[in-house]
Amino acid sequence: MNIDALAAEYEQQYRVLNSKIAGLRPLLRVYTGEDLVRLRRRIKVYYDMASQCKVISTMLSEYYNGEDIC
């Protein structure tokens, strides 16, 4: 697996996690109490994971752009 393929995998995981977040958001209006707290915690974890996937994907896809090839 090369760096570009790995960057694409991280980008795909970013999209998957964003889809999960989008699916859970409507439940924020339905849940109350402890269930709402757990849902918010789960969404935050997914959001943090998605953010890291995006950062890593960007770093990997720009890996060769930052180097001077001599």
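## Starting point: S57

S57 sits in helix α2; helices here are DSSP runs of H or I with at least four residues, strands are runs of E with at least two, and both are numbered from the N terminus. Its relative accessibility is 6%, so S57 counts as buried. The cut-offs are under 20% relative accessible area for buried, over 50% for exposed, and partly exposed in between, using a 1.4 Å probe and protein chains only. If you skip its neighbours within four places in sequence, S57 is in contact with A7, Y10 and E11, where contact means heavy atoms within 4.5 Å.

A word on what you're looking at: this is a predicted model, in which local features need pLDDT of at least 70 and side-chain atom pairs count only at pLDDT 80 or more, while totals for chains, interfaces and linings use all residues. Residues are numbered from 1 along each chain as its sequence is written, and side-chain values use heavy atoms, with hydrogens and water left out.

## The overall build

The protein's secondary structure comes to 2 helices and 0 strands. Along its principal axes, the C-alpha trace spans about 60 × 15 × 15 Å. The radius of gyration is 17 Å, whereas a compact globule of 70 residues would come in near 11 Å. That radius is taken over C-alpha atoms, and the globule rule is 2.2 Å times the number of residues to the power 0.38.

Of the 70 residues, 19% count as buried. Take the contacts with a separation of 6 or more: 66% of them come from residues 24 or more positions apart. The accessible surface is about 5600 Å², and 54% of it belongs to carbon and sulfur atoms; areas come from the Shrake-Rupley method with a 1.4 Å probe, and for residues only the protein chains shown count as cover.

Helix α2 covers residues 33–61, and its 29 residues should span 42 Å at 1.5 Å a residue; the end C-alpha atoms are 42 Å apart, so the two agree. The expected span is 1.5 Å times one less than the number of residues.

Which residues of α2 are buried? They are L36, L39, I43, Y46, A50, C53, S57 and L60. These buried residues pack against α1 (3–24).

## Along α1

I21 is found in helix α1 and, at 3% relative accessibility, counts as buried. Leaving out neighbours within four places, I21 is in contact with I43, Y46 and Y47.

Q12 is partly exposed at 37% relative accessibility, and K20 is partly exposed at 40%. The C-alpha atoms of Q12 and C53 are separated by 8.8 Å, with the two residues 41 apart along the chain. K20 and Y47 are 27 residues apart in sequence and 9.5 Å apart in space, C-alpha to C-alpha.

## The loop

L28 belongs to the loop between α1 and α2. With 33% relative accessibility, L28 counts as partly exposed. Beyond its neighbours within four places, L28 is in contact with L36, L39, R40 and I43. C-alpha to C-alpha, L28 and R40 are 7.7 Å apart, and they are 12 residues apart in sequence.
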